[in-house]
Amino acid sequence: MKTIRTAIFGTGFMGRVHLEAVRRLEFVEVAAIAGRNEEAARRLGAGFSIFKITTDYRDILRDPAIDAVHICTPNAQHFPMAKDALQAGKHVICEKPLATSVQDGRELVALAAQQGVRDCVCHNLRFYPMVQQMRALREAGDLGEILMVQGTYFQDWLLYETDWNWRVDASAGGPSRSMADIGSHWFDLAEHVTGLRVSSLCADLQTFHRTRKRPKHSVETFANKLLGPEDYIETAVDTEDFGAVIFHMGARTRGSVTASQVSAGRKNRFNIEIYGTRSSVAWNQERPDELWVGHRDTGNEILIKDPSLLKPQARSYADLPGGHSEGYDDTFKQLFRRFYASIGTGDTPEYPQFVDGLRQLTILNAVLQSQGARAWVDVPTPSK
């Protein structure tokens, strides 16, 4: 297979995660890095022997040797970067959210189709083996009709008023934080596993810290902050720390989800429970190799990830034998492997595309509308 040359836009937490995952693919070469801080970009590049470094991502887009780009920057930069990359004829992997408005998301979906390139939004949580096992169980009819879907996505990294990240700032992260940042992962997974679509919802959002102490210098996502009082600036906050949503999936299925970035002790706890008329499943990202299966008339089960025991549709998402854990970083490898393998083929993509990113923007828009109106809001169904 021809070596594909790609570039990483962004040098923070997500940029490094993408870079490390791409380096695990045999037929893809990371050839360039773009970052706003030249020193940070050069430091990252030197560690991986990547020597094309720039503070202007357009320099990379002008390079005909670059086939694809990964956009791992703050949310407000996703739309202009993705648009420029598509217009330059590059294949694009964009971190979620795809953009900060439905209108911008629609424009990117249309432009990607027009340009005839591969496009992907990084909902990587689909790619855990046991998530795919849940989906395969549902497709096989093992769960029966889905009655209820519920769960949480809880973190604690923004619990204190001294905790700060660019996501707190609406000008960088968009009008929503917890629901856009982690709630979108939950809704994407709920729709992906169940095959159902959220049709209406009612939301309640809360900002517990109306002001936060912003560091005078940039702080990387999830980094510890050992700063003194003189290192902060008191800053008003209007993005939510917590969100709760109850929702319908069509006529019968009901659901609820809460997303929080201020829940002490919960580091990255994505939990989803799906209850059907035959059986139920529950999965927690902090224990990714385990899947709980619930029954009415027989004993419940805990399934441990073992490729040889998974449904055929889920088996290819696990590379290691039973007893060998596969986690967060492996989901990116699985996603990127499928993305790059699809380039130059007519195969149907096996990964979330920009249209899936637009879907999450549509749900998020309904959440914000519901919060503003204090009422139920219908969610438009995606066109076929």
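Mentor: Let us begin with Ser176, where a polar atom of the side chain lies 3.2 Å from the backbone nitrogen of Ala180. Please keep in mind as we go that this is a predicted model.

Trainee: Okay, and where does Ser176 lie?

Mentor: Ser176 lies in the loop that runs between helix 7, residues 170-173, and helix 8.

Trainee: Is Ser176 buried or exposed?

Mentor: Ser176 counts as buried, because its relative accessible area is 2%, and the cut-off for buried is under 20%. Leaving aside residues up to four places away in sequence, Ser176 touches Glu240, Leu364 and Leu368.

Trainee: Switching topic: which residues of the largest nonpolar core touch the most other members?

Mentor: That core has 43 residues, and those touching the most other members are Leu201, Phe247, Ile272 and Trp283. Helix 8, which spans residues 178-194, supplies the largest share of this core, with 8 residues. Apart from this core lies another, made of 31 residues, among them Leu19, Val28, Val30 and Ile343.

Trainee: And what does Phe247 touch?

Mentor: Not counting residues up to four places away in sequence, the contacts of Phe247 include Val149, Trp186, Phe187, Val198, Leu201, Val257 and Trp376, and also Ser200, Thr253 and Arg254.

Trainee: Tell me about helix 6, then: how many of its residues are buried?

Mentor: Helix 6 is mostly covered, with 8 of its 11 residues buried, including Met130, Val131, Met134 and Leu137.

Trainee: What do those buried residues pack against?

Mentor: The buried residues of helix 6 pack against helix 8, against strand 13 (269-276), strand 14 (280-284), strand 15 (290-294) and strand 16 (301-304), and also against helix 9 (312-315).

Trainee: And what is there just after helix 6?

Mentor: Just after helix 6 comes Gly141, which takes a positive phi of about 85°.

Terms used: Residues are numbered from 1 along each chain as its sequence is written. This is a predicted model: local features need pLDDT of at least 70, side-chain atom pairs count only at pLDDT 80 or more; totals for chains, interfaces and linings use all residues. Side-chain values use heavy atoms; hydrogens and water are left out. A nonpolar core is a set of buried Ala, Val, Leu, Ile, Met, Phe, Trp, Tyr and Cys residues joined through side-chain atoms within 4.5 Å. Buried means under 20% relative accessible area, exposed over 50%, partly exposed in between (1.4 Å probe, protein chains only). Helices (H or I, at least four residues) and strands (E, at least two) are DSSP runs, numbered from the N terminus. Contact means heavy atoms within 4.5 Å. A polar contact is a pair of N or O atoms within 3.5 Å; within protein, one must be able to donate a hydrogen and the other to accept it, and residues adjacent in sequence count only if both atoms are side-chain atoms.
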